[in-house]
Structures are given as C-alpha cells and as structure tokens.
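Trainee: I would like to learn how to read a model like this one, feature by feature. Where do we begin?

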Amino acid sequence: ADNLSDALKKLKITTTDSTADSFEGCLDCLLQALAQNNTETSEKIQKSGVLQVFASLLMPQSSCTAKVANIIAEVARNEFMRNPCVDAGLIPPLVQLLNCKDQEILLQTGRALGNICYDSHEGRNAVDRAGGAHIVVDHIRSLCSKTDPASEKLLTVFCGMLMNYSNENDTLQSQLINMGVIPTLVKLLGIHCQNAALTEMCLVAFGNLAELESSKEQFAYTNIAEELVKLFKKQIEHDKKEMIFEVLAPLAENDVIKLQLVEAGLVECLLEIVQKTVDSDKEDDIAELKTASDLMVLLLLGDESMQKLFEGGKGSVFQRVLSWIPSNSHQLQLAGALAIANFARNDGNCIHMVDNGIVQKLMDLLDRHVEDGNVTVQHAALSALRNLAIPVVNKAKMLSAGVAEAVLKFLRSEMPPVQFKLLGTLRMLIDAQAEAAEQLGKNVKLVERLVEWCEAKDHAGVMGESNRLLSALIRHSKSKDVIRTIVQSGGIKHLVTMATSEHVIMQNEALIALALIAALELVTAEKDLENAQLVQILHRLLSDDRSAPEIKYNSMVLICALIGSEPLQKEVQSMAFLEVISKLRSHENKTVAQQASLTEQRLAVES
C-alpha cells in the first residue's frame, strides 16, 4: 500500500519531467496493485488525481504508453471508473493511439476503449465523437485474413470493443452497419472459425446488430447462413449453441435469410436437436428443445422456405413435424400445431393435409387439452384448424369429421386468445355451409356465449369475431329458427352496433344479416330493432358521404324491409329519408342509384 501511495505521488509530482522512463517503475507498481485488488486500487487512483496525468502520457513514441493504456483498461473494468476516465480527457489520446503500428499499444488501447464503452453512455459518446469506431473497423478489415496468434488476439479485442460500443444503442449500431462492418465480420467468422474467443466475439456482435432491420438486408447479401450452420454443427456445449441461436432467431425473421438457412441445412440440425432432447428432463436440454422447435416454426413463416420444406406434403421435414403432434412434450405439441398452421398458408397445402388425415391428429391433440389444458397448445391447434378450413372443399370434410363439435368443447374457455381462434375457426367452417350454420345457430349455449363475448370491450378481437360469427350464422343459414334463437339471446342490439363498425366488411355483414332478419322474422325482432335505434343509424349511414357504396345499397334494402313493421315504418316517416334517398339517385355508383329510385318509390307508396 505504501509503495502504491509513493508511486501515485511520484507520478503526480514528476509529470513535468520529460523522461517518461522515470515512470516505468511507478506504472509497474500500479499494475501489480491492480492485479492484487483492482477495485480498491482503482479508488485510490481516482482520488489521487493521476487519471488526468495519464492523458499526457499517452504518446505514440513513448516507451510506457502500452503500460498506461493497460492501466486504463484495468481501471475501466470498474463501472464507477468509466465516467472519470471520460472526464479526465483520456478518450481523444486513446483514439489517436489507434493510428500507431505497435501491436502491444493497439491491443491495450483497444481493451481500454472497449472497457470504457461497456455499459457507459458517456464512454460510447466520447468514442463516437473522437471517431474511434471508424479506425477500429479499418483495422479489422486489414487484419481480417491474418491468422497468426497476435493478429487474432488483436481482432478479438477490436471486435469486443465494437460490441461494447454499439450494445443496445440503435444509432451506433446503424453507424457500424453503414460503415459496412457486417460483410467484414461474416468473412472474419469464416476465416477464424477455429478460434473460439474470436468466434464468440463475432457472434455477440452479430447478436447486437441483427435486431436492426437495415442489418438484415446486409446480412442477406453475405453467406452468414452457411457460416452459422457450419459453426452450429461443430458445437457440443449448450452455451455455444445458445449463442448461435441468439443470432439465428432475429436473422430468421428475414424471408431471404430464412430460405438461405433452410438451404444451408439448418432444419436438419434442428430436427436432430429435437430428437436428442425430447425425452430429457435436464434443464439445458429442455431449453434447447424449445429454442430449436421455435426456430423451426419461424423458418416456416417464409412462403418460399415453407414450400421448400413441404415438398408437396411428401417432405421428410413435414413428416417429422407431423410426428410432433401426438408427442408427450407440450413444447413439441405446440411447435407441431404452429408448424401445421404455417404449412396451411395456401389452398393446395390445406387440401393435401385434410385429405391425408391431419384433422384427426389436431382434434386428438385438442382432446388432450380440454380439461385445464395448455392454453398455448389450444391456441395453436385452433389456429391450424382455422387455416385448414379456408379452402371451400375442406369445409364439408372437416364438418363431417366433427371439427365443430371438437371446437365447441372450448366454449367455456376464459382465455381471449383461445376464444378468438375458436370463433375464427367456426366462422371459417360455416362459410356457405347452410346446414352447419343452422345447426350451430340453433345451439343456445353457443349463441348466448357469443352475445356475452360481443360485450368483451377489453378484447377487441374477441368482440369483433363474436359479432361476425353471429352475423354469419344468419347469413349462411337464412333460417328463421336461428334468427329466433339470436333474438331470444339478446343478439340483435350487437348486430345493429356492428353496422356502425369502422370496418366496411363488418358493417356490410351486419347489414345483410339485419336485412335477412327483417325479411324472415320482422315481427319477432321488431322491438329489439326499435330499441337499438336501427332506423336512426341507417339515416346516419345514408347521409354520410364517407359511407361505402355497398353500405348505402344495403342500408336502402334494409329500409325497404323495415317498413313492413308499423312502429318502424312510423320511425322511417318521422325522419326525412326521402330527402336523403332522392340525392342518392344521382350517385356515381349505378347500383346505388338504381336502389335509390326503388327505395324512393317504396317510401312514396307507403307514405
């Protein structure tokens, strides 16, 4: 301790002395003290005011420069020392040293700058202002192909410095991307794949940069997919695989890179991991299984990569994914169902899958999760069924397989994501299927639950889907029994509200359903239509210039049907409908103009 105090005093006093050699002993003493107790020694260095002295000692031609930079690097390992290093003006002279040729000086300077930047906003800004990143990127470029140990050590330090410099800072990450650092780092990874420390630094740097959209476009022009898959195949340790996964996940969000990863053989690696870890209860294996199966699902989100793996339903990958569904692992059941939902993104695939018995597998999976089941698995299986029900030819097949009954078992669910998918699946199934729509529309439990969900103000998706299904039950069944069930369950007011939706498609569906109600069961629904102020709403829709032509057309059709009811006819007469409708006779849309003439005649006769 006495030696340290003496050394600090001596450094302070002899700053005016021009021979740097006289400091060598003092600097060695500081390095020794830092090696024994870094934190305590750093505190003493800060209190002594010697940091300011270091700024004047950082000369390229001085023999003690590397040692001074080394001391700064050691000191800056402590969080509390980073800002004082910036305040002492150490960054500009350190950045200047990056221009020298001496490898030891470059190494210690890179360490010092990297440590000062670690988790320090001030440190990063100071390095940015001094232009440090540009010089470091140039060094990495020129050293990239050198494989001698000294060059690799320097490359590792410089990559680490850039990583600390840009971590969690979008602006600085963009700056590095604009400097073209990505192709250089990818090249580096390929050349130095045997060097574990350098590879690790590259991976962390990629992880930093890969979050930005602009980086993915640059990555797509490199052979990153090939390099990462090659590296991945060599890894045995869980931690190393995890690091590569962390780069793969953000990159795989880009469709071009998805396809590159599939072509580079990533899928085979993932399937192998799944096979190895599926029956293990070790924490690392469970984590790996989740990451691998999640990544697999992500690769299937790209249309090209998905079709490549589907291979007309004959692909070995598709077959393997199918085998996940009956598995006992919730994670694999989930990934399997999500993968099927992704494969079911075009009609051809959907038709093939339904013809080959996928529906039964999904219904069996749902059955396993009816009683306090896994919500994510329920949601995924329903998503897959909903997608499969889109092609017209699949609807009747799925209905006769009992999909509607399987889905209805989840009516009790209190989970909005499950409710949302359940509603969407039923709506897809009954599209243009009159018999099924009638059967479901007469199911009082279902209709009452729909009416309840039509009021789910906290969950706009569930509310919207419930309204759409209510309307669909009427539109596709055209059944008086269904209308009566909906009236008795209090559904009319929701259909009227739906006619004021901000989505034209929903407005239209509501108006068509209401027109069918008025045509088939006006007396039964009369009171509810009156209470819901339907006539006023129609007046508003017809008066509003922003209403779409089909909304105006269907509103007039509905008015013509409503005047069959005495109280509703009185309401129509009491509001100046004729005036609004006569204006629509000259509407640019011919169908609207014709309907306006017909409606005007009807209203004139009735009045």
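Mentor: With one residue in a predicted model: glutamate 509 lies in helix 35, which covers residues 504-520.

Trainee: Is glutamate 509 buried or exposed?

Mentor: Burial is read from relative accessible area, with under 20% counting as buried. Glutamate 509 has 10%, so this residue counts as buried.

Trainee: Which side chain makes a polar contact with the side chain of glutamate 509?

Mentor: That of arginine 468, at 2.7 Å. If residues up to four places away in sequence are left out, glutamate 509 touches Arg468, Ser471, Arg475 and Met498.

Trainee: What does asparagine 38 reach with its side chain?

Mentor: The side chain of asparagine 38 comes to 3.1 Å from the backbone oxygen of glutamate 74. Asparagine 38 belongs to helix 3 (residues 38-48). Its relative accessible area is 15%, so asparagine 38 is buried. Beyond neighbours within four places in sequence, asparagine 38 has contacts with Ala33, Glu74, Val75, Arg77 and Asn78.

Trainee: How many aromatic pairs does the structure hold?

Mentor: The structure holds 5 aromatic pairs. To classify a pair, look at the angle between the ring planes: over 60 degrees counts as edge-to-face, under 30 as stacked, and the rest as tilted. Phenylalanine 206 and phenylalanine 219 have planes at 75° and ring centres 5.4 Å apart, so this pair is edge-to-face. Phenylalanine 206 sits in helix 14 (residues 196-209) and phenylalanine 219 in helix 15 (residues 213-220), so the pair ties together parts 13 residues apart in sequence. Phenylalanine 206 is buried, at a relative accessible area of 0%, and phenylalanine 219 also counts as buried, at 0%.

Trainee: What kind of pair do phenylalanine 310 and phenylalanine 343 make?

Mentor: Their planes are at 45° and the ring centres are 5.5 Å apart, so the pair is tilted. Phenylalanine 310 lies in helix 21 (residues 303-310) and phenylalanine 343 in helix 23 (residues 330-343), so parts 33 residues apart in sequence are tied together by the pair. Phenylalanine 310 is buried, with a relative accessible area of 2%, and phenylalanine 343 is buried at 0%. Phe310 and Phe343 form one aromatic cluster together with Phe318.

Trainee: How should I read the burial pattern along a helix?

Mentor: An α-helix has 3.6 residues a turn, so residues three or four places apart point the same way.

Trainee: Which residues is alanine 384 in contact with?

Mentor: Alanine 384 has its place in helix 26. Apart from neighbours within four places in sequence, alanine 384 contacts Ala337, Ile340, Ala341 and Leu362. Alanine 384 and alanine 339 are 45 residues apart along the chain, with their C-alpha atoms 8.3 Å apart. Alanine 384 counts as buried because its relative accessibility is 0%.

Trainee: How many helices and strands are in the chain?

Mentor: There are 41 helices and 0 strands. Of the 607 residues, 57% count as buried. Of contacts between residues at least 6 apart in sequence, 71% join residues at least 24 apart.

Trainee: What radius of gyration does the chain have?

Mentor: The chain has 35 Å, whereas a compact globule of 607 residues would have a value near 25 Å. Along the principal axes, the C-alpha atoms fill a box of roughly 115 × 55 × 40 Å.

Trainee: Which domains is the chain divided into?

Mentor: The division gives domain 1 (1-130), domain 2 (306-432), domain 3 (443-532) and domain 4 (533-606). Domain 1 and domain 3 have their C-alpha centres 75 Å apart.

Trainee: Where is confidence lowest, and where highest?

Mentor: Helix 1 (residues 2-13) is lowest, at a mean pLDDT of 67, and helix 33 (residues 480-488) is highest, at 96. The chain averages 90, and 97% of the residues score at least 70.

How values were computed:
Residues are numbered from 1 along each chain as its sequence is written. This is a predicted model: local features need pLDDT of at least 70, side-chain atom pairs count only at pLDDT 80 or more; totals for chains, interfaces and linings use all residues. Side-chain values use heavy atoms; hydrogens and water are left out. Helices (H or I, at least four residues) and strands (E, at least two) are DSSP runs, numbered from the N terminus. Buried means under 20% relative accessible area, exposed over 50%, partly exposed in between (1.4 Å probe, protein chains only). A polar contact is a pair of N or O atoms within 3.5 Å; within protein, one must be able to donate a hydrogen and the other to accept it, and residues adjacent in sequence count only if both atoms are side-chain atoms. Contact means heavy atoms within 4.5 Å. pLDDT is the predictor's confidence in each residue, from 0 to 100. Rings of Phe, Tyr and Trp (its six-membered ring) pair if their centres lie within 6.5 Å; planes under 30 degrees apart count as stacked, over 60 as edge-to-face and the rest as tilted. Domain bounds come from an automatic or database domain assignment. The radius of gyration is taken over C-alpha atoms; the globule rule is 2.2 Å times the number of residues to the power 0.38.
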